[in-house]
Amino acid sequence: MDKLVIVGGKALEGETRISGAKNATLPILAACLLAEGPSLVRNVPHLHDVTTSIELLSGMGVRVTLADGMGLEVDAGAVDNVHAPYDLVKTMRASILVLGPLVARFGRADVSLPGGCAIGSRPVNLHIDGLAAMGADIRVENGYIRASAGRLKGARIVLETVTVTGTENLMMAATLAEGTTVIENAAREPEVVDLACFLNRMGARVQGAGTDTLVIEGVKRLHGTEYEVMPDRIETGTYLIAGAITGGLITLKNIRQGTLDAVLAKLQEAGAQIRCADNMITLDMRGRRPRAVDVRTAPYPAFPTDMQAQFMALNAIAEGTATMVETVFENRYMHVQEMERMGADIRVQGNVAVVHGVERLTGAPVMATDLRASAGLVLGALVAEGETEVDRIYHIDRGYECIEEKLGQLGACIRRIPQ
Ligand code: EPU
């Protein structure tokens, strides 16, 4: 297992480029199952989760080939099985995204039920109930979701909880259903919008993406298309915090404005100066210590749970005390104990963390527990005195493309130690 070794204390300065969004790429690759012809998907990030997706689709008979640059050609013209095995699903929960497309196009699916997860129980009951409402017959047996259906039928589905991949799965399924599907209390995340744009390019009729009501008029078939995945807003936010926590001046290229407003507002409250122009963003925090900022996570457009650990690192060295509330996942404070080992002063009670800013963190050996928690630890390490060794960084490689190269471009002292 590779490690990252970071020597902290250097103000970051420079620019780097943001990659395609992981959480848009994964549903878009799954959506390729819906089309009869090949699609060319561009701006695909080079990440472990993308490799897992390719492995999953290839196992079903989908032909995935590397096109020029960062493009993938995905052809689901010769799918010969509808099986998503436990071995892959357990390493990547987003594998569940093949369920809706498989049932909609092939009338069958055999998808392992994702097991437990480090950040919460994360059930998929709403995915299953929604497909059942569209007429699929679904049983859970031997750890697998086994679904069968004739052509799905449009339905009105009111989601009990806002779910991102649940909304995506049902939206994809509805594109090939007979009649109109209405999904209420739908997730409004930009990645849901990106998927809807991709589906519409394939010939689907999805309206309302970005609002809480999606209306999908089913069509008989979808065709392949070309598409460029949106930039990763969570990667953008993570590097902005890297600039802020070190008192730096950084510019990020290839960002999507308007997808990160809640995070930018909090960074400004912390004292950062931010300028956006032409898909670039510059953050200036030179000569200033951040102020503590209260944060409450919630579905988009509120502050994302995927930025909570990173913002906690910022609050850990801020002036003052911040209250952070995690409302999306029930166990997403696994980074707290590791941050405490670096000298942070954090008290957790239930889903509330009270972070008393300290003047300095100190380097320590720490262990990553999930993707965003790892990012939080890397950020802490960038400002900590001395050397921090972040272990189990395979979590980071799932969601951050070349993190050591990009932080290196910004002037951080960071190296990967292959094991
Ligand atoms: N939930 C249910 N039933 C369901 C589905 C969800 O109760 O059937 C609950 C979950 O337990 C959770 C809440 O709904 O409490 C929201 O979960 P959601 O379904 O929205 O999460 P997800 O779709 O599994 C996606 C991202 C996550 C991100 C969350 C929240 C992808 C591939 N994953 O997960 O990303 O944290 O939305 O924004 O899009 C990450 O990138 O590190 C990551 C974990």
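In the predicted model, strands S6, S7, S9 and S8 form an open sheet of four strands, arranged in the order S6-S7-S9-S8 and with mixed pairing. Strand S6, at residues 83-84, and strand S8, at residues 137-141, are the edge strands of this sheet, and each of them pairs on one side only. Between S8 and strand S9, which covers residues 144-148, the pairing is antiparallel and extends over five bridges. Within this pair of strands, Val 140 is placed opposite Ile 145 of S9. Helix H4, formed by residues 99-106, packs on the sheet. The strands touched by H4 are S7 (108-112) and S9, and the direction of the helix makes about 160° with that of S7.

A further open sheet is also built from four strands, in the order S2-S15-S17-S16, and its pairing is likewise mixed. Strand S2 (13-17) and strand S16 (273-277) each have a single partner strand, so one side of each of these edge strands is left without a neighbour in the sheet. In general, the strands of a sheet pair through backbone hydrogen bonds, in either a parallel or an antiparallel manner.

Both kinds of pairing can be followed along strand S15. With S2, strand S15 (residues 249-253) runs parallel, and five bridges join the two. Along this pairing, Glu 13 stands opposite Leu 249 in S15, and Glu 15 is set opposite Thr 251 in S15. With S17, by contrast, S15 runs antiparallel, the two being joined by five bridges. Here Leu 252 has Ile 281 of S17 as its bridge partner.

Two helices lie across strands of this sheet. Helix H8, comprising residues 233-245, lies across S15 and strand S17 (280-284), and runs at about 165° to S15. Helix H9, comprising residues 261-269, lies across S16 and S17, and its course is at about 145° to S16.

The model also contains a ligand, which is surrounded by 21 residues. The closest of these are Leu 126, Thr 163, Thr 165, Asp 306 and Val 328. By class, the shell around the ligand is made up of nine nonpolar, seven polar and five charged residues. Four helices each supply at least two residues of this shell, namely H1 (22-31), H5 (125-133), H6 (164-175) and H12 (371-383). Helix H5 gives the most to the shell, with three residues.

An oxygen atom of the ligand lies 2.6 Å from a polar backbone atom of Val 328. For Leu 126, the corresponding distance from a polar backbone atom to a ligand oxygen atom is 2.8 Å, and for a polar backbone atom of Pro 123 the distance to an oxygen atom of the ligand is 3.3 Å. On its own, the ligand has 830 Å² of accessible area, of which the protein covers 86%.

Definitions and conventions: Residues are numbered from 1 along each chain as its sequence is written. This is a predicted model: local features need pLDDT of at least 70, side-chain atom pairs count only at pLDDT 80 or more; totals for chains, interfaces and linings use all residues. Side-chain values use heavy atoms; hydrogens and water are left out. A residue is near a molecule or strand if one of its heavy atoms lies within 4 Å of it. A polar contact is a pair of N or O atoms within 3.5 Å; within protein, one must be able to donate a hydrogen and the other to accept it, and residues adjacent in sequence count only if both atoms are side-chain atoms. Accessible areas come from the Shrake-Rupley method with a 1.4 Å probe; for residues, only the protein chains shown count as cover. Ala, Val, Leu, Ile, Met, Phe, Trp, Tyr, Cys and Pro count as nonpolar, Asp, Glu, Lys and Arg as charged, and the others, Gly among them, as polar. Two strands pair if DSSP finds at least two bridges between them. Contact means heavy atoms within 4.5 Å. Axes are lines fitted to C-alpha atoms, for helices over the stretch in contact, and angles run from 0 to 180 degrees between N-to-C directions.
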